[in-house]
Every structure is written in structure tokens, then in C-alpha cells.
Amino acid sequence: MKIVPLPLHLEPREGRLDLLDSAFNYSEELANAAAIFQDFLKKETGISLRKEKFAKFNFLLDFSLQREEYRLEISENTLTLSAKSDQGALHGVRTLQQLLEYDGGRFYFPAVYIEDAPHFPYRGFMLDIARHFFSKRTIMRLIELASLHKLNFFHLHLSDDQGFRFESEKFPRLTEVGSTRRGTILKDGTVDGVPHSGYLTKADLKEIVAYAERLHIEVIPEIDMPGHMNAVLAAYPELLCEGIKEEIEVRPAWGISKNILCAGNEKTYSLLEELLAEIIEVFPCRYIHLGGDEAPKANWKKCPRCQEKIRKEGLKDEEALQAHFLNHFSKFLEGKGKTVIAWNDGLHPDLDPDIIIEHWKPGTRRKTVKAVNSGRKVVMSDFLHLYLDYPYAMTPLAKTYGFNPLEGVEKPENILGIEANLWTEWVATPEKIEFQVFPRLAAAAEVGWTAPELKDYDNFLSRLEHLYAIYQKKGVNYARGKEKKPNILKRIAGTRRWLRDENAEFREN
Ligand SMILES: [Zn+2]
């Protein structure tokens, strides 16, 4: 039985359940998962299930299970899926989607007994729609595919130096000015001169959130601050530090900008508070991501207002000012029932202990693990394993699969889970997104779902082919032939080639 991610406990049984009878009984609490199951069966087999009290197919409530847990028993006579919540039942439906077989004459489910639950409570995917804008439709398709992999968080990177993608009614210039750049930098260092533009309206985002909610995926909005803010600064240059003369534009180039928000200007705090209030009206998610990465402090060192803030608050230096800045918004959002996530660049002794850290930065894992062991909650998005924007030569499927979030960790309960990230500097089309993401997201999903000691790469590969058949049916442009572990020379050559030509691997697919 070929299921990805690998279930916790699976016993194949003798026989099979043929899909002949269409009677289906389910608890009302599991009606949403039941409807998704019915839609799936109808589409795949043409069979319409009808609700009846005595049925071969049963979705039952079982309060002895955990929220995301499910139990599936299939015999020659019945199929029983038990769960405590609709979310648990939906995980069971995702498993059933992978179990359905066809022998040329009939559809059937093989007899099996499964007890399954995720190892980590947080299993996420991040899409950057700032560097390249992607439509509501593309995002919703990715949410559906994330659900197929039993993920439960979808992190939307909504703003960066190269574009602001959230419609704000209070600050219309954020999209009037901030959502368009004059061009996009190419690998040879020239700018193409083709304006790049786009943003999601509140109605779009509400539709996305509602769609995700039905699939038990929480959508986490990210407004990256105080760095990565050129799109906002282009719209509201008064938020720059004192003495900055240059005109700020929505950046056509990638990399890190030296211009960041002034942390000594009260206007910065009031604008962001009002903006965040608008954001949480649209996103009911318990988490808000505030970035906090790659914020050079040169402007703050020279800015009289930032220096005054440091003196007034009794802070040690500019790094402490960034912690103070993030703590301010963490407190503001805490008052609204939200918890802040920040990239691990922002780790600082003064940082609010309730802020969850998302670990990504190469060379900092020891520091992150130290924070985990002293009580900090962390999501692992390790650059070398879980950054899906890099070529397969650099980050092969096996490398992603091999990631152990618990390495060196003494307090495993503080590792909330993992997130696979797709930055889109070099990803301009939905087809390229799918190429970069699949099948590496299947590997990441298993890292998040399956206990580290149960993972086995060859075993994963033996199940993956079955998932490819589902990708094909859904028309997913997944990367072919990436299963073998490439040797180091091939990896170096492939990475070098990507540095010159970002579409080299993609074109070969
Ligand atoms: Zn300043």
C-alpha cells in the first residue's frame, strides 16, 4: 500500500472492498470531509454515494482520538473511517484517495487497517507572491495540493522590496504605488523593462482563506518588517530614517536593500498597527508572520530618531532596537489573540519569548537549537533542505527527505514542525512553481508527518510512483527523474548552471 506521507501504523488485510453499493453513512460533524470524499469518488469512478443509515461506507466520530488522528478499517464488507474532527477525517480521505484501485473492470479499496496521526503539529508551505505575483487561482490550486499532502498551514509572503500584494483600504498607495515595479532583473544583471504588477483584493483573500478553511489549512499572512520594505517605502517615503535623500522605488532587483523602516518614527508604528488590524480582519489564522530577516542597520546607526529611541528605551544597540520593534507588534497582536512568527535572523536575547521563530538561515542551526532547548518554539525551514526555489542539483529530493527537524534538540515539544518555502525571484510561472515544488513537497510532507525514526528514503521512493499517478491526473507539472541521489560533482555543476540560467533544469523536464 503506497501512501505518502507514510502512515504511523498500517496492516494490510486479506481481500478487497469492491465499489458496488453506494450507501454512505456519516456523522454530521464529519459532513465536510464526507462531501470531499463523495466528490472525489464521483470524479474518479462516476459513483454517487447516497446517505443512508445502514451503509457499507461509514465515517464515524470517535472522541478517543486526537484532533488530527484518524483510524481506517477496510474489510471485504465495510469501510469505516473514525475521527474526532473533520480535520482528522479529511486526512483519512486523503489516504483513501491514494488507496483507490482499478482492476480494469471494477474500482475497489484493498482491505487494510490504519492508525495514523501527524508527528508534528505544524506542516506548512510558503509561497512568495511579492517577487512574482501569482493569482488567486494558482494559490487555491496549491492549497488543494498542500491538502493532498496532509499539510495544515499555507504561509503567504505578501510583501517585499519588489512588491506589495495586499489591498489596504486605509493605505491605498500601498497597492497604487507598491504593487508595481518598473521591471525585473535578469541573470545577466540587466532589467527587462517590463512592468510587473499585481495584488490580491480583500475579496480574493477571503475566498482563498475560506477555501483553505474547508481543507483545514490555515493561511498565515506575512508582512516582512522592518527590512524588505522598499515597496512600502516607495509609497510612504516619510517612513524612511532621517537624512535619506535617495528616491526609493519598488525594487526591480533582488537581494537585500539597505533602506528599512525607521524604528524611531511613531508614524511607522501607527501605520503598521492600522495595516495589521486590516490584515487580521481578512486572515483568521492564529499566527501572523512579521518577517524580521535581513534588515541592515546602517540607516538606524545614523538616524537621530532611531538613536533617540535607543536612548529613551534604554536599549543596548540597533539589534536590540529590532527586538524592541518586533516585540511592540507582538504585544499589539497578542492583544488581538494572535501569535507572531519571525525569521530566525530576529533571534535576540530581548525578543518576546512568545514569538515563534522560523529557522532558515545557513550556519545558524546551533543557535536555533540552543533557543529551542531553552524554551523557544520553532518551525524548521532549513535553507539547505526546505528551500524549494533552488535547483534539484543543489537540493536533491533525497536531501529534502533526509532532513531531521529534531537533530540536537533536547526539547522536541518545542519544534512545532516544518515548512517548505518557495521564494520566487527565479520562478515566474505556475508551471515553474509546480516543477520546483513537486515532488519535493511530498518529501517535506513526510518529514513533517512521519516520525523521524520511521523514515526510509528507498521506502519513500517505492511509494512515490503511486503519488505521481495522482499528480498526472491532476496535471501537476512535477519534476521527473529526480529520485536518484546525484554525486557531488553533478550537484556543483548543476548549481553553477542554474546560477547562469535559472530555467536550465526546468526546460529539460
Ligand atoms: Zn530612523
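Me: How are the donor residues of the zinc ion spaced in sequence?
Reply: Their spacing is C-x20-C-x40-C-x2-C. Donors here are N, O and S atoms within 2.8 Å of the metal (3.2 Å for Na, K and Ca); water is not among the atoms, so sites may look incomplete. This is a predicted model, in which local features need pLDDT of at least 70 and side-chain atom pairs count only at pLDDT 80 or more, while totals for chains, interfaces and linings use all residues. Residues are numbered from 1 along each chain as its sequence is written, and side-chain values use heavy atoms, with hydrogens and water left out.

Me: Which residues coordinate the zinc ion?
Reply: Cys-241, Cys-262, Cys-303 and Cys-306 do, each through its SG atom, at 2.3 to 2.4 Å.

Me: And what is the geometry of the site?
Reply: The zinc site is tetrahedral, with angles of 105 to 115 degrees among its four donor atoms. Four donors count as tetrahedral if all angles lie between 85 and 135 degrees.

Me: Are Cys-303 and Cys-306 buried or exposed?
Reply: Both Cys-303 and Cys-306 are buried. Buried means under 20% relative accessible area, and exposed over 50%, with partly exposed in between (1.4 Å probe, protein chains only).

Me: New topic: which domains does the chain have?
Reply: The domain assignment gives domain 1 (9–116) and domain 2 (226–508). Such bounds come from an automatic or database domain assignment.

Me: How far apart are the C-alpha centres of domain 1 and domain 2?
Reply: Those centres lie 37 Å apart. The contact (heavy atoms within 4.5 Å) takes eight residues from domain 1 and five residues from domain 2.

Me: What area do the two domains bury between them?
Reply: Domain 1 and domain 2 bury about 560 Å², 49% of it on carbon and sulfur atoms. Buried area is the accessible area (1.4 Å probe) that two parts lose on being put together, summed over both. Glu-44, Gln-98 and Asp-116 supply 58% of the area that domain 1 buries against domain 2, more than any other three residues.

Me: How many residues are in the largest nonpolar core?
Reply: That core has 147 residues, and Phe-37, Phe-59, Phe-109, Phe-125 and Met-225 have the most contacts inside it. It draws at least three residues from each of domain 1 and domain 2. A nonpolar core is a set of buried Ala, Val, Leu, Ile, Met, Phe, Trp, Tyr and Cys residues joined through side-chain atoms within 4.5 Å.

Me: What lies apart from that core?
Reply: Another core, of 12 residues, lies apart from it, and Trp-254, Trp-360 and Trp-498 are among its members.

Conventions. Four donors count as tetrahedral if all angles lie between 85 and 135 degrees; four count as square planar and six as octahedral if opposite donors are over 155 degrees apart and all others between 65 and 115; anything else is irregular.
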